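Visitor: Could you walk me through how the labels for this model are decided?
Guide: Gladly; here it is.

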Amino acid sequence: MAYKSDIEIAREAQKKPIQEIGDRLGIPGEHLLPYGHDKAKVGQDFINSVADRDNGHLILVTAINPTPAGEGKTTTTVGLGDGLNHIGKNAMICIREASLGPNFGMKGGAAGGGMAQVVPMEDMNLHFTGDFHAITSAHSLLSALIDNHIYWGNAADIDTRRVVWRRVVDMNDRSLRQITSSLGGVANGFPRQDGFDITVASEVMAILCLSKNLRDLETRLGDMIVAYRRDRSPVFCRDIGAEGAMTVLLKDAMQPNLVQTLENNPAFVHGGPFANIAHGCNSVIATSTALKLCDYVVTEAGFGADLGAEKFMNIKCRKAGLAPSVVVVVATVRAMKMNGGVAKADLGAENVEAVQNGCANLGRHIENVKSFGVPVVVAINHFVTDTDAEVQAVKDYVASQGSQAVLSRHWELGSEGSADLARKVVEVIEAGEADFAPIYADEMSLAEKIETVAKKIYRADAAVMDGKIRDQLKIWEDQGYGNLPVCMAKTQYSFTTDPNRRGAPTGFDIPVREVRLSAGAGFIVAICGEIMTMPGLPREPAANSIRLNEDGQIEGLF
């Protein structure tokens with residue numbers, strides 16, 4: 001059976017005017033800033049007006065460690081939101097915006113897939129409402145102001161060898177990872193080593209997604225560390241005087257974007273921080289506002305539960321005062337088989353034994369999520385090649401772990417295919433078993449926080465940090481940063497720092513090679529193994545297949 005592509009399905013969507021979607025949420029038209037007919041930003045005055053309402057139930061969608069087989073976390077998030085509405089619940093979804101770099105590279109977009117998509121798909125995966133461009137511009141303004149400050153006398157006494165603020169662009173461009181800037185003579189400034197990250201790795205992105213309002217945003221921007229002096233004392237963004245103008249550039253970007261699913265259910269799509277170098281969740285302001293407007297809010301966190309869900313719990317929920325009622329862990333039969341040793345080319349053939357062997361990775365994620373005091377439902381994201389025996393093997397395994405797995409066919413059938421999953425999620429929420437708490441206290445030392453995540457979530461024997469790193473953590477504690485959470489940066493493909501070690505490995509250490517202070521965002525980044533803040537393009541980039549057809553329609557986005 002031939003299936004339509006995601007973009008073909010999205011193009012046929014029967015979208016409603018965005019004002020109708022707003023009406024359904026009780027958002028008056030004067031509080032919507034339309035971007036065309038099918039998307040709009042929600043004004044801060046309206047957000048302030050609902051702040052005293054009670055919260056609905058927060059549902060987190062996460063997944064096993066990613067595999068080339070694909071798990072479908074965003075697709076499941078959208079499908080579950082549609083499914084909840086289908087069974088008569090008042091629900092909406094909150095997801096992240098798509099970065100241009102992965103769209104034109106290998107990963108593709110971030111709007112779901114099949115019959116479980118958010119539209120307008122083309123806009124979401126391209127320029128959308130300009131939020132990422134605003135973040136890039138604000139970040140670039142600070143970069144320019146730092147070098148300009150140095151050029152005109154360097155009143156802040158910046159050590160030009162210790163400028164830690166890198167540049168950003170929203171594109172996968174490996175050639176920019178390390179550069180030398182300000183070449184060409186005296187008029188161009190002082191030459192120094194520099195480099196680019198992708199925009200989603202910018203601390204400005206993380207700050208926008210954690211800020212409660214514009215005043216909070218401006219304060220956090222001012223708190224960012226951009227360089228150090230010769231005496232190793234920090235130079236802050238506010239020392240350069242950049243935070244005010246940066247806030248002006250981000251004024252509109254701070255407002256959540258309202259769109260709709262294929263089934264005309266409401267969705268906030270806002271923010272998009274990396275889930276390895278940052279916390280990997282959509283914005284606090286979008287999630288918090290959605291909880292005031294609906295009884296059920298479905299959101300997701302990037303990569304596997306060891307990265308995205310851990311940071312959602314320990315960073316986002318801690319900072320925003322949120323508490324999930326249930327966590328949905330997405331898995332596929334195909335991914336179980338791949339974790340069980342089956343090659344990608346052979347995933348179509350039934351192999352119950354491989355499914356059983358591959359379930360250990362899923363089991364560890366279930367146990368980890370439960371350690372936060374939150375119940376778990378496993379969503380088996382259905383593929384047409386799955387057999388009944390393979391699906392049953394996953395269900396049996398999950399039952400042995402004290403949870404339940406539900407087969408969901410939202411990709412193929414939309415809300416009808418996710419209704420069973422929605423009913424199970426509601427049943428678990430109504431049982432009232434959630435008693436959420438982060439797995440470490442604010443008062444714990446920074447080194448102990450890193451060790452706690454390494455041992456309790458990754459199941460490492462130890463987090464290996466040399467004396468230099470421990471000394472740096474102690475200095476930050478003495479400077480008043482000791483109560484910050486930690487943001488672990490490591491490969492998303494494994495519990496270890498080796499991307500090739502799948503399953504549920506034991507008998508390993510987590511080497512911490514560097515720590516960074518994101519003072520504005522409010523967390524300490526612990527870099528474990530190799531981490532990439534500027535991806536490259538694959539041998540055959542998706543960009544090579546993206547074009548306008550004879551009717552002026554976009555082809556090739558996925």
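This is a predicted model: local features need pLDDT of at least 70, side-chain atom pairs count only at pLDDT 80 or more; totals for chains, interfaces and linings use all residues.

Guide: Residues are numbered from 1 along each chain as its sequence is written, and side-chain values use heavy atoms, with hydrogens and water left out.

Visitor: Why is Phe 236 called buried?
Guide: Its relative accessible area is 12%, and buried means under 20%, with exposed over 50% and partly exposed in between (1.4 Å probe, protein chains only). Phe 236 is therefore buried.

Visitor: What does Phe 236 touch?
Guide: Leaving aside residues up to four places away in sequence, Phe 236 touches Gly 222, Asp 223, Met 224, Ile 225, Val 226 and Tyr 481. Contact means heavy atoms within 4.5 Å.

Visitor: Why is Thr 491 called buried?
Guide: The relative accessible area of Thr 491 is 10%, so the label buried applies here too.

Visitor: What lies 3.2 Å from a polar atom of the Thr 491 side chain?
Guide: That is the backbone nitrogen of Tyr 493. A polar contact is a pair of N or O atoms within 3.5 Å; within protein, one must be able to donate a hydrogen and the other to accept it, and residues adjacent in sequence count only if both atoms are side-chain atoms.

Visitor: How do the residues lining the largest cavity divide?
Guide: Six are nonpolar, three polar and three charged. Ala, Val, Leu, Ile, Met, Phe, Trp, Tyr, Cys and Pro count as nonpolar, Asp, Glu, Lys and Arg as charged, and the others, Gly among them, as polar. Among the lining residues are Glu 97, Leu 100 and His 127. A cavity is a set of points on a 1 Å grid over the protein atoms alone where a 1.4 Å probe fits but cannot get out, and lining residues have an atom within 4 Å of a point.

Definitions and conventions: On a 1 Å grid over the protein atoms alone, a cavity is a set of points where a 1.4 Å probe fits but cannot get out, and a pocket is an open set with protein on both sides within 12 Å along at least five of seven lines; lining residues have an atom within 4 Å of a point.
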